Every structure is written in structure tokens, then in C-alpha cells.
Amino acid sequence: MTKIDVLLGLQWGDEGKGKIVDVLTPGYDVIARFQGGPNAGHTIEFGGNKHVLHIIPSGIFHQEKINLIGNGVLIEPRIFKQEIEELEKKGIDATRNLYISKKAHLILPSHRMMDAANEQAKGNMKIGSTLKGIGPAYTDKIARCGLRVGDTLAEDFRERYIMLKEQHLRMAQTLGFDVTTFRIDGLTLDQYEAQWMESLKTLQRFRFVNSEYFINQCLRDDKKVLAEGAQAMMLDIDFGTYPFVTSSNTITAGVCTGLGVAPTAIGRVMGITKAYCTRVGAGPFPTELFDETGRRLCELGHEYGATTGRPRRCGWIDMPALRYACMINGVTDLFVTKPDVMNDFDQVCMCTAYEVGGQRTDEIPFEYNTMPISPVWQSFDGWHQSLEGISAYDDLPANLRTYLAAVERQAGVRIAAVSISPDRKDVIFR
Ligand code: IMP
């Protein structure tokens, strides 16, 4: 029996997971998503083209691989249909190698309305949600009133759908939300609902499976399985910067609940970090830069959200957060992305500890959101060199290797690979 390997983001998302999964895919038979939904935007670049995936696992560009959407994932059928159509335009027929758990929950149009209603009601405590309906759909899952992929085949599906939608409309009214002016992609709720219902036909063209049996059989058959995380560690519902988080367990433990595999079945845990740090949406970010350096990181790193297009907040790498991520997830292999963004910097900084309330700490304090946190900095000389064409770790500029060695020492995990451009071919394995 083989073990399932895991790949996840260790910061606030957008670490380059889609690309790394795509690079690793040739070594796996099955790529499985275990949490999140269309809030994710996994960008993959090859052959000079950019591809963005939201719900579909990043192994879809390799037609001989099986891609699985696990029970822990949320599916929004209309977004799913759009994603399938985008793939079709590129000549990819996903019906052959994409399987979907019958237990994956659905995002209804009214979940998206509730996301907007909840954000509006939060006033200046807004989370900066992607507004794809994630929070409300997971709320209904936990409240035991959600609808699942397998339910779309039931005779009473429409009745259950209407009951849930009416509940949402009552809730929106209580929050003082104006449903009449609410739009999704320029459509009223009713117009969007008609398209959503139509999209169920596309969803039903795919193979619905009892994915927990499927995945465990794959492991028994010695197939190599990779679990692909979405969002990232610091957005985890339990260990992230609550309440500025997403509504799922983005961590290794989420693989067990989101796919139905035992903790003893987890193999390697590959964690991805940028060589600096970014965050979209609201919430604490102690190493954020509000100056010219922050703006340079944003511009040179093309730090704009793949799902929402929002500019990402940028700052230096945060080692207390990264150490925390390595501990919670049991990271065995560290992947560092985008050091090339800092090629022309005179100096590169790293936060090694925090000062909170006059005390120095190496830990993520409970008061992360409520108390001012001052980073303790260590600075490094820049390398002033293009990384283009480098294919061996030891050929990286000496100053960059010094910086990476410090990341490794601080994180307590060996760097397994460094990605030096958006292209598939530019991942240097050690
Ligand atoms: P939600 O999951 O759409 O409700 O968003 C909750 C928070 O997580 C917001 O701050 C979002 O910006 C952030 N978020 C959600 N998905 C992603 C992602 O895939 N990458 C980065 N941030 C994300």
C-alpha cells in the first residue's frame, strides 16, 4: 500500500501551488483536491500560455492522470461549467479523467448572495472574501442542511434546493440585504439560478464516485496519489489568522477529512513558500511593506489575484509563521518560489521573531489580530543577478544561497526545490 503525498501553501495563498503540482504530476497517477472551491485560482504556465484553474485539480493537463474532486471540496456548477468549457477550447476533454465525489457539497447561487450579505453586515470587519459562497456553503454543510453532488440525481432535489434558497432569502432579509439589486456576473439571482440549473447537466456528464473507496483502492493498488491543497496554512479555519481565514481546513489534517484517508496513510508533505510574502483580503500581516519595496514586489512579482484580480499585499518572508506552518503540517520538503522577483534588490529582509507587548516571541500569539506586532529583522545582501538559464541549485548566486540557507535553518526543513520563473521547466530540484 502506498502513502498519499500532500502539497500545500504555507503562507496566505498564491505561493505557486498550481505550477508545482503541474511539475510534480508526471510522478503521480492521481491528483486529488481535498478542500476549498472556486475561491482558489491555480495558475499554470506552459508553452507561453497561462491557464487558471479554480475547482479542477491541476493534473488535468496530463490526460493520462486521474483527477479527483474530493468530498471536502465545494462545487459551484456554473463556475465548474465555465472551467470545463475553457478546457474544451484548449482541446482538453476532462470527462475522461476527472472524477467527482458524490459527497462534495454544492455552492448555490443563494450561498453567493449570503456571502455578499454577510460581508456587508460585517462593516469594517470585512474578511475580503472572494464572494464565491465558500463561507455560507461550508456553514450549511456543518449545519447539516447542505446539498451534495450526489443529491442532484435525487427526485426531490428541486424541493430541497428551494427550501434552502428560501432559508437564505429570509436570512438576507434579516441582515437588511437588498436582494433586488444583487448581481452575480451582472445577472439577477433568478437569471443566475436558471444558468446554474442548466449547468447541472454539465456536472452530471462526469463520473460521480464514492471517492473515499476510490482513493483507498488506489493506495492499495500502489498508485501514486498527490493531494493538492488550496488557499494555504495561514488561512486555515482553526490555525489561521481567525476570523480572517477561509472556512475549511487547509492543512495536512484536511486531507484525511477531505478525501477519507487515514492519518497513517499520509506520506511526504511538500510545503510551498514564496521567497517573500503576500496576502489578499483583510487580516494581520506583520511583515507587510507599505513603501516602494512593497510596490516593487507587487509589480515585479505580478501580484494580482488569479480569482479576483485584486492587487496582493506584499512584504518580506515571515519565519515565525513559516515555522508554525511546518509544525502544524509536518512538512518534509520545502519548495521556495519566486526568488527571481528580488533579483535586483540591494537588500532582502527576513522576519525571524516578533515583539509583542514588549516581549520577544518565536510563536504566533493568540493576539495576532488585536495587538501590534513588530517584526525582528535580519537582512541579507542582494544578488543582483538574473537567474535565467540556471538549472542546478549550486549554480544559484552565492548571496541567494546564503538567504535560502537561512530560510532552511529557521524553518527547520530542508529545501527540496526552488522555482525561478513562472514556466514549468524552471524548477530546480536539489
Ligand atoms: P473566502 O474563502 O472566499 O471566503 O475568502 C476568505 C479569505 O481567504 C479572504 O481573505 C480571501 O482573499 C482569502 N482567500 C480565499 N481563497 C484564496 C486563495 O486561493 N488564495 C489566496 N487567498 C485566498
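Begin by selecting Cys351, which counts as buried at 0% relative accessibility, where buried means under 20% relative accessible area, exposed means over 50%, and partly exposed lies in between, using a 1.4 Å probe and the protein chains only. The model on screen is predicted, and for that reason local features need pLDDT of at least 70 and side-chain atom pairs count only at pLDDT 80 or more, while totals for chains, interfaces and linings use all residues. Residues are numbered from 1 along each chain as its sequence is written, and side-chain values use heavy atoms, with hydrogens and water left out.

**The cysteines**

Stay with Cys351 and display its sulfur: the closest cysteine sulfur belongs to Cys277 and is 9.7 Å away, which is too far for a bond. Next select Cys349, which is also buried, with a relative accessible area of 11%.

**The ligand and its shell**

An N or O atom in the side chain of Thr246 is 2.6 Å from an oxygen atom of the ligand, and an N or O atom in the side chain of Arg310 is 3.1 Å from a ligand oxygen. For Gln231, the ligand atom to pick is a nitrogen, which is 3.3 Å from an N or O atom of that side chain. How much of the ligand's accessible area does the protein cover? The ligand on its own has 470 Å² of accessible area, and the protein covers 96% of it, with areas taken from the Shrake-Rupley method with a 1.4 Å probe and, for residues, only the protein chains shown counting as cover.

**Aromatic pairs**

A pair of aromatic rings is described by the distance of the centres and the angle of the planes. Rings of Phe, Tyr and Trp (its six-membered ring) pair if their centres lie within 6.5 Å, with planes under 30 degrees apart counted as stacked, over 60 as edge-to-face and the rest as tilted. A search of the whole structure finds eleven such pairs.

Select Phe80 and Phe206 together: their ring centres are 5.2 Å apart and their planes stand at 80°, so the pair is edge-to-face. This pair links distant parts of the chain, 126 residues apart, with Phe80 in helix α2 (residues 77-89) and Phe206 in the loop between α6 (189-203) and β9 (207-209). Helices (H or I, at least four residues) and strands (E, at least two) are DSSP runs, numbered from the N terminus. Phe80 is buried at 0% relative accessibility, and Phe206 is buried with a relative accessible area of 5%.

Then move to Phe157 and Tyr161, a tilted pair with 6.4 Å from centre to centre and 45° between the planes. Being four residues apart in helix α5 (residues 157-174), these two are separated by about one helical turn. Phe157 counts as buried at 4% relative accessibility, and Tyr161 is buried at 2%.

**A histidine in helix α5**

Helix α5 also holds His168, which is buried with a relative accessible area of 1%. Which side chain does the side chain of His168 contact? The partner in this polar contact is the side chain of Asp140, at 2.8 Å; a polar contact is a pair of N or O atoms within 3.5 Å, where within protein one must be able to donate a hydrogen and the other to accept it, and residues adjacent in sequence count only if both atoms are side-chain atoms.

**Backbone stops**

Finish on the backbone, starting with the peptide bond from Tyr242 to Pro243, which is cis, with omega near 5°. Pro243 is in the loop between β10 (225-228) and α8 (252-259). Asp14, in the loop between β1 (4-9) and α1 (17-24), has a positive phi near 65° although it is a residue other than glycine.

Conventions:
A disulfide is a pair of cysteine sulfur atoms within 2.5 Å.
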